There are 2 protein chains.
Amino acid sequence: MPHRPFMLGIAGDSGVGKTTISSGIARLLGQERTTNICVDDYHKYDRKQRAELQITPLNPECNYMDIMEQHVRLLAMGEPILKPVYNHSTGTFDPPVYVPPPRAIRDNGRLIPRAVILEGLLTLFSEPMRERYHLKVYLDPEEDLRREWKVKRDVAKRGYTPEQVVADIERRMPDSKAYIWPQKEHADIVVRFYRPPGYDPERPSTLSVRITLKRSLPKLDLTEVLHSAYEDEPSVIRLEARKEADILDISGGLEPERAAVFERLIWEQLGQHAEHFNPELIGTFWDKGGQSYPLALTQLVIAYYLVHMREQAIQKGALAYA
Amino acid sequence: MPHRPFMLGIAGDSGVGKTTISSGIARLLGQERTTNICVDDYHKYDRKQRAELQITPLNPECNYMDIMEQHVRLLAMGEPILKPVYNHSTGTFDPPVYVPPPRAIRDNGRLIPRAVILEGLLTLFSEPMRERYHLKVYLDPEEDLRREWKVKRDVAKRGYTPEQVVADIERRMPDSKAYIWPQKEHADIVVRFYRPPGYDPERPSTLSVRITLKRSLPKLDLTEVLHSAYEDEPSVIRLEARKEADILDISGGLEPERAAVFERLIWEQLGQHAEHFNPELIGTFWDKGGQSYPLALTQLVIAYYLVHMREQAIQKGALAYA
């Protein structure tokens, strides 16, 4: 099946929720129709060496950027890769894993190019990578939220103390600002989770989200649909057209019934490209299996752009040959 | 330095002396001017899995042939690779190693494309690899000799008993015949070490060698030079022109003084491409640091073809762009 895959790149700092977003999109599209890759494993040095060299994994100098770029290019060409694996428990490297050629999927008699979802700290760092993505997303939560999320995850999953995680965040801050944050300007979609007034940290499902849809995106009717459906309730969902972008604002105060209507609305737009509708599967976040409607809608909005941009690329023949 | 490397592929069964030949050629050309790669590390399965599946590493099905082909292609294009590493002691995989882009070398003000020497069991197996080599060599010692060498090495370096090695050779024999040995027909040069009459196994330096120089090779004056220099002694060195190949036969009975004359003769033909002449460095074999004149001359003959074919490729502009 000689089709090139559709390439989605997701970047953002440590703890912003890259895996949550990308695995949610994969569940939406069907996991056997996507290839999910984390490109944070291309370090030159293990943890001990990094400590000796006083270098952080956020620094491109700490990574084989040439191999990362090569692997993104090979996947975009429909080729397999042998991907390095960094082990967060040991701080060293495991044997590499084989990623099969990202072949097209036969779906109701039609060949649909596979979606390759690449997420990582430096996914959008260099032009040789950026030019390979069809859609580029940057995750940009409020910095205080990112810290809260990163502390929770690194304590629960990577065995650190909260103090260690905070010290690590501070130590990495110059590199975050120098290498990670500037990637935002290259994204087509910027996702910013933020705390609404009166936010209760014990209820993370009530976070709001602001999705910036830049002019580099094609004009799609999704935003108008959402807007018109709820234009009578600007406090819950709001679409604002600015010169350089559309800003879609979704409040954490959204009621479950209304969220469900929204979800189904976008889901129907996904048409044949989505799996059987299962609202249980979307908008879940890792820590307690909780669900967030703004998160679910974010995943749906990105999946919507992916599916429609892929359809346009198929029509243009841009994915025809691997 | 935008030059493609010169690609030398060396294939042969386990124990035939691939590393001995390829490291000898690298020493001749200067190790900092060559990139030596063993492509036997692309197994799909570790030792335990192979035992369960009853599959040998000689079987292409046991290897990521697509990745092997991809890496050969990437190196031929002047790109770096992240190469998998199989650990013969543990029977499992180590972290991969970075192989830098095989850049050209500045030599007396001139850019000389680097020689990439790839050796392995299946180096010449498939057309996508074969088409990337400029020169293809197959090592084909007498089968009894190969067994003797493999037992010696696997006992000394890999911790097996002689009985284990012999059982392993027998178990692999169907795959040797099916996948490894047929590669011989694709080689430009076939090297066959053999035991002359009255051969003493305690003196491996007295082995003879027969080098088949096929018609796919360019016509070079080396063989005539050697032939005319010793045409009065056909028992020691002999060149026979057949329809499909020239056969160069070098006797293990060659006297050291004559071997030294030979060596210098070829060395001078290598000209500026070779390092400072050091007869100590060539023709050595691993087991007791011994030296063999037929082995030294084999390495010199292959290096001679490499250097002259690379020069022809430079003149044609065939290595000009990476």
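## Reading a two-chain model

Author: Let's start where the chains meet: 100% of the interface residues of chain A are also interface residues in chain B, so the copies meet through the same surface. Contact here means heavy atoms within 4.5 Å. This is a predicted model, in which local features need pLDDT of at least 70 and side-chain atom pairs count only at pLDDT 80 or more, while totals for chains, interfaces and linings use all residues. Residues are numbered from 1 along each chain as its sequence is written, chains are lettered from A and ligands numbered from 1 in the order in which they are written, and side-chain values use heavy atoms, with hydrogens and water left out.

Reader: Which rotation superposes chain A on chain B?

Author: Copies are superposed by least squares on the C-alpha atoms of residues with pLDDT of at least 70 in both. Here a rotation of 180 degrees with 0.0 Å of shift along its axis does it, with RMSD 0.0 Å. The two copies are thus related as by a two-fold rotation axis. In chain A, the residue that comes closest to that axis is A:P95, at 2.4 Å (C-alpha).

Reader: Which residues touch the most other members of the largest nonpolar core?

Author: A nonpolar core is a set of buried Ala, Val, Leu, Ile, Met, Phe, Trp, Tyr and Cys residues joined through side-chain atoms within 4.5 Å. Buried means under 20% relative accessible area, exposed over 50%, and partly exposed in between (1.4 Å probe, protein chains only). The largest core has 56 residues, and A:M7, A:L75, A:L118, B:M7, B:L75 and B:L118 touch the most other members. Among the neighbours of A:L75 are A:M7, A:I37, A:V99 and A:L118, leaving aside residues up to four places away in sequence. A second, separate core of 49 residues includes A:W267 and A:Y305.

Reader: How many aromatic pairs are there over all chains?

Author: Rings of Phe, Tyr and Trp (its six-membered ring) pair if their centres lie within 6.5 Å; planes under 30 degrees apart count as stacked, over 60 as edge-to-face and the rest as tilted. A search of the whole structure finds 10. The rings of A:Y98 and B:Y64 have centres 4.2 Å apart and planes at 10 degrees, so they are stacked.

Reader: Are these two tyrosines buried or partly exposed?

Author: A:Y98 counts as partly exposed, at 25% relative accessibility, whereas B:Y64 counts as buried, at 17%.
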